[in-house]
Amino acid sequence: MSKKLLSLLLVLALALTMSATAFADYYSSLLPAVKTIPSEYTGKTIILHSNDVHGAIDGYAYMTALKQKFLDAGASDVLLVDAGDFSQGTPYVSVTKGAAAIEMMNAAGYDVVTLGNHEFDFGYTQLMENLKSAEFTTLCCNVYLDETGETILPGSTVVETAGGLKIGFIGVETPETATKVNPGLIGEINFATFDKLYEAAQQAVDGIRDDSDIVIALTHLGMEPEGAHNGYRSADLMDHLTGVDFAIDGHAHYVMTTTEDGKPIQSTGTRFAYVGVVVIDDESHNIEDNFLLDTAKLAKDEEVDAKAQEIMASIDEVYGAPFATTEVELKGEKADSRTHETNLGDLITDAMVWSVVKEGGIEQVEPNHVVGITNGGGIRVTLQPGDISMSDINTVLPFGNTVTVIYVTGEELLEALEASTFCTPETIGGYPQTSGIEWTLDTTVEYDQGDVYTLDGKESSYFAPASIKRVTITAINGEPFDPAATYAVVTNNFCAAGGDTYNVFNRAYVEGSGFDTGIPMDQAVMAYITEVLEGKITAEQYGEPRGSATQILAEAAEEEVEPAA
């Protein structure tokens, strides 16, 4: 049997056994044209690109070393660009609220970047303060100041290369940022949504097209199915734009060199798994090639690497000491926490509820009416068996969110669960990890989409349910669920402010129904592990998800109800 046929049979077998999302993720991993560097690049301009670095600051040394390698191979010029999400992801950047990422990008020699949603995690004011030290051009064509209506940054720029090329860039930010970041931290800005997104991007292109030989869109939009509901994917944007030759994309962590239908969009995954390469011929002004380089096979620039190691060592000295152990793998990857209940989600929500109950102050409801909810997208990584450090917990929960209490009716709690699972089993950042709630999600029933959610009069990326059709709550802390009763929901300040799909929580919170404890989520989890679990997470306690959430899946609908584990 040939290797090609064997590979095809393997893919078909996987398609039959994996979920649609898991198979799509696997198949995307087969797509990229991963190459090595040929020896001759005379007369070529090279663009090296990254996206979704998420605090992997030791990877910047690859970019600088690669730039020199291409120059040594005869390239007339090499530009370094990034498609966003560099400010958050590990303590190496989050401790400085993103400033360390700017410092490392300066050291690496970046030329042009756009913003990701996580650039706003520490607030608009902090972002703009960080960018004052940037030695590169930052673009964003579709985010506006409420007060003036002006874009917060230039939407486009033209770079003239040493080879005589004029390369135009536009920067496009996902409108999902409006609800993927704590809305309370970005109250002074708004995001172009729906068709206005396309209009803003086209205007940016039109402003530079006549002055450019090549126009490249730096897009932080992604290709996830969640974005397709609103037309916010990079492919959707490219369908609506004229005058763009190529898109360098971020947000979804996809690894791709083109879309399935041939759109020129390239993305490198996350955390420097790959570096993207675009090759432009100086004489013809044509993009001749685009491909990815596997960083496992690349060298690092010693000076840039030394700077990264210095930053990492200073953080590790404070955050690196173990304080607990875990016997089990605690699942927090995107494909887990954004699609179903996980053991790490159980642990985090249990810790949040415990941190509030032990302090008191929830006398408005009976103890058995206190539940916990956190958004799966706020859980960032899986913890492997072994020692756990403060750095590990901070990497799982890097946003600095605080534990918050809101009071809602049972009907409002149903709305929150319905809205935050509208596209499940596809991934969604708002997917609820819960404590004290026994609930069922029927994915075979179509979401009844109502009006678009708004926050402070601004459109979000999500729609309210016109009716509750997919979710049922069977019990609260073992007691019958009452739609008319009042429940205390222990959540995070991001969800309480209407982040992700939790607009209903914001309505209650704005009306004064609740309070922010000020307890950082990571500290609540560390205290729970230390005090309640006595420093050891066992298989008996959290070896598997507890089974609070049940999903009825399409393939099992006629036979059985399957736990969402």
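# Reading loops, sheets and packing

Reader: Let's start with a loop: where is proline 425 found?

Author: Proline 425 sits in the loop between H15 and S19. Those labels are DSSP runs, numbered from the N terminus: helices are H or I with at least four residues, strands are E with at least two. The model is predicted, with pLDDT of at least 70 needed for local features and 80 or more for side-chain atom pairs, while totals for chains, interfaces and linings use all residues. Residue numbers start from 1 along each chain as its sequence is written, and side-chain values use heavy atoms, leaving out hydrogens and water.

Reader: Which peptide bond is cis?

Author: The one from threonine 424 to proline 425, where omega is near 25°.

Reader: Now the sheets. In what order do the five strands of the open sheet come?

Author: First the general idea: strands of a sheet pair through backbone hydrogen bonds, either parallel or antiparallel. Two strands count as paired if DSSP finds at least two bridges between them. In this case the order is S19-S16-S25-S18-S26, with mixed pairing.

Reader: Which strands stand at the edges?

Author: S19 (432-435) and S26 (514-520) do; each has a single partner strand, so one side of each has no neighbour in the sheet. Angles run from 0 to 180 degrees between N-to-C directions, and axes are lines fitted to C-alpha atoms, for helices over the stretch in contact.

Reader: How many bridges join S18 to S26?

Author: Four, and the two strands run antiparallel; S18 covers residues 402-409. If you want a pair to look at, threonine 404 stands opposite aspartate 516 in S26.

Reader: And which strands does helix H13 touch?

Author: Contact means heavy atoms within 4.5 Å. H13 (residues 343-357) packs on this sheet and touches S16 (370-375), S18, S19, S25 (486-492) and S26, with its direction at about 130° to that of S16. Helix H15 (residues 410-419) lies across S16, S18, S19 and S25, and runs at about 120° to S18.

Reader: At what angle do the axes of H15 and H17 cross?

Author: Roughly 145°, with the axes coming within 8 Å; H17 is residues 503-510. Glu412, Glu415 and Ala416 of H15 meet Val504, Phe505 and Arg507 of H17. By class, that contact has three nonpolar, no polar and three charged residues (nonpolar: Ala, Val, Leu, Ile, Met, Phe, Trp, Tyr, Cys and Pro; charged: Asp, Glu, Lys and Arg; polar: the others, Gly among them).

Reader: On to single residues. Is serine 548 buried or exposed?

Author: Buried means under 20% relative accessible area, exposed over 50%, and partly exposed in between (1.4 Å probe, protein chains only). Serine 548 has 8%, which makes it buried. You'll find serine 548 in the loop between H19 (539-542) and S28 (549-552). Not counting residues up to four places away in sequence, serine 548 touches Glu341, Thr434, Ile437, Glu438 and Trp439.

Reader: What about leucine 153, buried or exposed?

Author: Buried, at 11% relative accessible area. Leucine 153 lies in the loop between S5 (143-145) and S6 (156-160). Leaving aside residues up to four places away in sequence, leucine 153 touches Leu115, Met128, Leu131, Thr138 and Cys140.

Reader: Which residues have a positive phi although they are not a glycine?

Author: Aspartate 52 is one, with phi of about 50°, and phenylalanine 272 is another, at about 60°. Aspartate 52 is in the loop between S1 and H3 and counts as buried at 0% relative accessibility. Phenylalanine 272 is in the loop between S12 (265-268) and S13, and is buried too, at 4%.

Reader: And which glycine takes a positive phi just after H3?

Author: Glycine 74, at about 100°. In H3 itself, the buried residues are Tyr60, Ala61, Tyr62, Met63, Thr64, Ala65, Leu66 and Phe70. They pack against S1 (44-50), S2 (77-82), H5 (99-108), S13 (274-281), S14 (287-294) and H11 (302-319).
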